[in-house]
Amino acid sequence: MSKHLTSLPEWKALAAHAAELKNVHLRELFAKDSSRGTKFTAEAAGLYLDYSKNRITEETVKLLIALAEASQLKARTEAMFTGEKINITENRAVLHVALRAPKTEKILVDGEDVVPEVHAVLEKMAGFAEKVRSGAWLGYTGKRIKNIVNIGIGGSDLGPVMAYEALKHYSNRDLTFRFVSNVDGTDFAEAVHDLNAEETLFLVASKTFTTLETMTNAHSARTWALATLKQTEAIASHFVAISTNEKEVAKFGIDTQNMFGFWDWVGGRYSMDSAIGLSTMLAIGPNNFRELLDGFHDMDVHFRTTPIEKNLPALLGLLSVWYTEFFDAQTVAILPYDQYLKRFPAYLQQLTMESNGKHVTLEGKTVDYQTGPIYWGEPGTNGQHSFYQLIHQGTRLIPCDFIGFSKTLNPLGNHHDLLMANVFAQTEALAFGKTAEEVKAEGVADALVPHKVFEGNRPSNTILAEKLTPRLLGSLVALYEHAVFTQGVIWQIDSFDQWGVELGKVLASRIIKEIASDTELKHDSSTNNLITRYKSKK
């Protein structure tokens, strides 16, 4: 039985230390130490982390490391990497790290090495991708495939969408990619509006091939395709499955030879580098996909082997715990200064909040501390003209992660210098602000001075890389995967189940039947009234 988190001496030491730092400003911390800007940095897997603009001292880092050690972060990390069933509520291993392990590695689950299976699926994916990309794979009427529509939801959608947008620079522009996830019929209707069924390939991503939203959209896709193709045997030329349910896949009309599997030790939000990433491989090609996997693996090795004081994911995770627990921060802003990463914050929302949005410990006891901050964000510089006002001068403390690149993939005048100048300016402004004296010195009228004061002391991390490549994207995603894991270890929660999504699904299944019939409604008065009103107006 683990010791209660808030009773740990390491926790109490951090609480006392936080009280001492509460009123210490970053201006003071930087003034005291001219080397601070290079001291609080770490680098690995193509990523440079500057965490100097956090409300921390060297003592803070030591105390956070002590908490991580007391929480057995190292042992828990090894348990994950070696296939122990650390997802205790589902009795499963958690082995997304095996998805990017090289062939030479050996990772056992129930005594069986899973690495050969992983590479067999990757090779099958590569063979299929080459056929589609080269034009060797033809539709039922003999036309070349030009459009690829990925149908999934949650991790089967957010990862592929994010990766496609992030790596669009490397994609085959002769192919059109669309992504359908919402059960709202508009999502499907708009995705196929301008497509020709004879040239369209659907990827249906559902482990069980029973996911309500995905299969509703898949059956609509089947109907849409057959309206043009007429013959049911055409389905085999225009649909492939990313699933483990061979019976349901065959029943749908998909050739099970074109079924790409994965395993119960892969959580949906950790699956973009499995067969779920087939759309990514089709877009960027097998070689670039392997580079993506190599980037993931680079960060895996770093996280597993590097001492905490230089360990990027561990530091990010611990800093989030620091602000969540001791500064009452409720959110984290993710601010990528690269348009290709426009879907990265949305991807991280599922990764972080589905993982750590938990209210009980591994032992089933209700926590008496905060877990799972809200992650959100938009690409810069757009956000600066939207919500930065609240970050700078609002009443809430919002730690920020800024992500930038030294080189742009699309050189255009001085655009990139302007973009990156904003990264550096924003982190500086957040940290140091502008005092009333500085405002007055600019000749501002006394009545306006309070409005133009920036308190500063707003923490941020800056993550810099040379250029956005497939390998770098892998490193960046794995950085946050392991940061989330670090948080979960400290909070003593299971970061790999998601029971919170189940109740709504169960109730929705019941309500669907009630909408389709005259069954007596047995909900609360509000829900009964809303269903009745909807039925009368539909």
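**Strand pairing and helix packing in the predicted model**

Strands β1 (41-44) and β2 (residues 47-50) pair in the antiparallel sense over four bridges; helices (H or I, at least four residues) and strands (E, at least two) are DSSP runs, numbered from the N terminus, and two strands count as paired if DSSP finds at least two bridges between them. Within this pair, E43 has Y48 in β2 as its bridge partner. The model is predicted, with local features needing pLDDT of at least 70 and side-chain atom pairs counting only at pLDDT 80 or more, whereas totals for chains, interfaces and linings use all residues. Residues are numbered from 1 along each chain as its sequence is written, and side-chain values use heavy atoms, with hydrogens and water left out.

Both strands belong to an open sheet of six, in the order β1-β2-β13-β12-β10-β11, with mixed pairing. At its edges lie β1 and β11 (374-376), each pairing on one side only. From one strand to the next, the twist averages 15°.

Turning to strand β7 (residues 200-205), six of its six residues are buried, so the strand is largely enclosed by the rest of the structure. Here, buried means under 20% relative accessible area, exposed over 50%, and partly exposed in between (1.4 Å probe, protein chains only). In a regular strand the side chains alternate between the two faces of the sheet. In β7 both faces are covered, with T200, F202 and V204 buried on one side and L201, L203 and A205 buried on the other. Strand β5 (residues 147-151) pairs with β7 in the parallel sense over five bridges, and β8 (residues 239-242) runs parallel to β7, joined by four bridges. L203 takes part in both pairings: it is the bridge partner of N150, and its own partner in β8 is V240.

Among the helices, α6 (residues 115-134) and α13 (residues 286-305) have axes that come within 10 Å and cross at roughly 145°; axes are lines fitted to C-alpha atoms, for helices over the stretch in contact, and angles run from 0 to 180 degrees between N-to-C directions. L122, M125, A126, A129, E130 and R133 in α6 meet P286, F289, R290 and L293 in α13, where contact means heavy atoms within 4.5 Å.

Helix α13 also receives buried residues of α5, which pack against α4 (58-70), α14 (312-326) and α20 (470-491) as well. In α5 (residues 73-81), the buried residues are L73, T77, A79, M80 and F81. Just after this helix, G83 adopts a positive phi of about 85°.
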